[in-house]
Amino acid sequence: MLLLERRPVDSSLMRWASPVLALVLTVITGFVLFLAMGKDPVEGLTFFFITPISDLIGLAELGLKMAPLLLCAAGLTVCYRAKLWNIGAEGHFLMGALGASAVAVQLVDASGVWVLPVVLVAGVLAGMLWAAIAAGLKTHLHCNEILTTIMLNYIALNLLLYAVHGPLKDPYGFGFPQSVMFGESALLPDLIPGTRLHLGLAFGLLAAVSVWVLFARSFIGFQLNVIGQDHRAAAFAGFGARRLTWFAFLVGGATAGLAGASEVTGPIGQLVPQVSPGYGYTAIIVVFLGRMHALGIIAASALLALTFIGGEMLQIAMNMPKAVTGLFQGLLLFYLLTCDAFIHYRIRLRAPVRKPTRVAAPAATQEA
Amino acid sequence: MELLTNILAAMVVAGTPLLLVALGELICERSGVLNLGQEGMMLMGAVAGFVVALTTGSLAVAVFAAVFAGIGMALLFAFMAVTLAANQYAAGLVLTIFGTGLSAFVGAGFVGESINGFERVAIPLLSDIPVIGRVLFHQDPLVYFSLVAFVGIWLFLHHSRGGLLLRAVGEDPEAANANGLKVLVVRYLAVAFGGGMAGLAGAYLSLAYTPMWTENMTAGRGWIALALVVFATWRPERVLIGAWLFGAASILHLVLQGLGWRASTELLAMLPYVVTILMLVLLSWNPARTRLNTPLSLGQPYRPGR
């Protein structure tokens, strides 16, 4: 019989092996899935994982998708370390995109180096505002942050839809629900000429490094860690739970807001309803897969960015539904959590305990 | 009067998916397990129901398929959260993200197809009662099922031995175990029941409410249902009232437009989510009150034999 037994000490090997194991299991499942659908699995997996990043343009596209994921994930890491279950990165992101766009459409004809920073700051502030609502509801009215942030995501989406159908709609846009194209000086500069890769990736990497500094070198990072691991211990030490909650949420809102602002001022150049293919939700997977560590989330954001372009590639090359991206992400997260159980537990083989017969030695009755 | 009756009838219809999923989650939470994966289970129920209805042409078979899809998802959750004792928050989120992805993948080829959904069936005599007859007894079969399920669950929880055992497990699994109850089995059954109800709620959306399939068609109803269970302080009769009130909030934009109000559809579509937050505020400002009603072991994994 297989028994699940608590390890005396958590396995630090499993902590880092688990994401790799989860990826392997996901790839195996993908292999089986391609077979079941009557497609060539090797070809399919190649199109998903390798073809998209086999040239410079592809790598640039990877970086393009990494930027918002990494920014959102960096903010969420700060929240999750303190066990604040902020699911609202999607809403912060959308508000960031909306806030930046609202300013950018006023500055279409403006020129000067000040335009872009103003637009980005507007996005950051909008994201922080959205996070502040959830923080206030948590610290002052004791509302569960999971439910409030989810609801705020839906509200943000409807606000954005309202804006592109109403006040921010391009009057000469042939009725399409989208804003005017932003002015040249409100657009993020490209990192690599000839590709779409823009400064957003640098923001993302900077955010990841800041997270590392925060938790490795600062007192507030230490306090966040303590409050996440033992709420009572943090209270005894006199760490202000309210202050830390506000800090974590505002950081989460700022980074996701910047991500949203970078998306509209980067590859899109205007506000459109489909500004996010779910970056804020995927960022949750990035944080768990990256073990809430700066280097981990950089690697995980690259992998999950690949699932977005891999899905598009499969759609073009093999006529598969684009939803394969979401399926892959879901499978990965499912396997990750399952493998994570073995950080705390191990499997023991034990023969089922039989009733001792009169002749048998009573040793078999010994309980583990 | 005519208008009011129509509004009330539409409110019951809009509240039915919430009622179904919230009743399932209520049973699940009463056993001490918090399953945040309602949205994922509902989506799988919705897609399974729609695909089966389209391919077999039978709504009854479709409903069964949806229920089994919900149960299947719930068992995945139970494996993570009950057997492997994983964090229930994380496992529930996994279920929602996984269900969203899987349902979109399964349903990708069926977007834009349409079926003939459930028709209204008037119950003889009862449907002749003024107002109430039209509101409650001139509806589709799944609405009737939701009413029967409500009565059944109310009786089960408060007037049966099984309900007592379920509550015992949710309040104090150690004590229940000491009394010879199989805590993990009870929790598995409760989670599976919740999954079946969530699958049915999803099927209501894709077979009756709007007979079609679109990605993410549940639009947060699974999450609203979670708030609803807290709002109802884990009591079925309050779940019923809450679900219908939410139904009213979600059709308000139709009512206002019917009355000739000029307001943005997008802004009015926010209303159910805003109401949910306001409701959470009303409930949560006094944490002692919530704590008083919460099943004591809610959210805590149970490992036997420690």
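Student: What share of the contacts in chain B with a separation of 6 or more comes from residues 24 or more positions apart?

Tutor: This is a predicted model, and in it those residues account for 78% of such contacts in chain B. For chain A the figure is 77%.

Student: How many helices and strands does chain B have, and how does its radius of gyration sit against the globule rule?

Tutor: Chain B has 14 helices and 2 strands. Its radius of gyration is 19 Å, close to the 19 Å that the rule gives for 306 residues, so chain B is as compact as a globular protein of that length. Along the principal axes, its C-alpha atoms fill a box of roughly 65 × 45 × 40 Å. As for burial, 51% of the 306 residues count as buried.

Student: And what are the numbers for chain A?

Tutor: There you'll find 13 helices and 2 strands. The C-alpha box of chain A is roughly 95 × 60 × 35 Å, and 50% of its 368 residues count as buried.

Student: Let's take one helix. What should helix α1 of chain B span, and what does the model give?

Tutor: Start with the general idea: an α-helix has 3.6 residues a turn, so residues three or four places apart point the same way. Now the case here: α1 of chain B runs over residues 2-30, and at 1.5 Å a residue its 29 residues should span 42 Å; the end C-alpha atoms are 40 Å apart, which agrees.

Student: Where does α1(B) bend, and which residue follows the helix?

Tutor: The bend, about 40°, is at B:Gly15, with the proline B:Pro17 following within four residues. After the helix comes B:Gly32, with a positive phi near 95°.

Student: Which residues touch the most other members of the largest nonpolar core?

Tutor: In soluble globular proteins, nonpolar side chains tend to be buried together. In this model the largest nonpolar core has 229 residues, and A:Leu70, A:Cys72, B:Ala22, B:Val94 and B:Leu228 touch the most other members. Leaving out residues up to four places away in sequence, A:Cys72 touches residues including A:Ala89, A:Phe93, A:Ala256 and A:Tyr279.

Technical notes:
Residues numbered from 1 in each chain as written. Chains lettered and ligands numbered in written order. Predicted model: local features only at pLDDT ≥ 70, side-chain atom pairs only at ≥ 80, totals over all residues. Core = buried A, V, L, I, M, F, W, Y, C linked by C-beta atoms within 7 Å. Buried ≥ 20, exposed ≤ 12 C-beta atoms within 10 Å, placed from the backbone. Contact = placed C-beta atoms within 7 Å. Rg over C-alpha atoms; globule rule 2.2 N^0.38 Å. Expected span 1.5 Å × (residues − 1). Bend = angle between axes of the 7 residues up to and from the residue.
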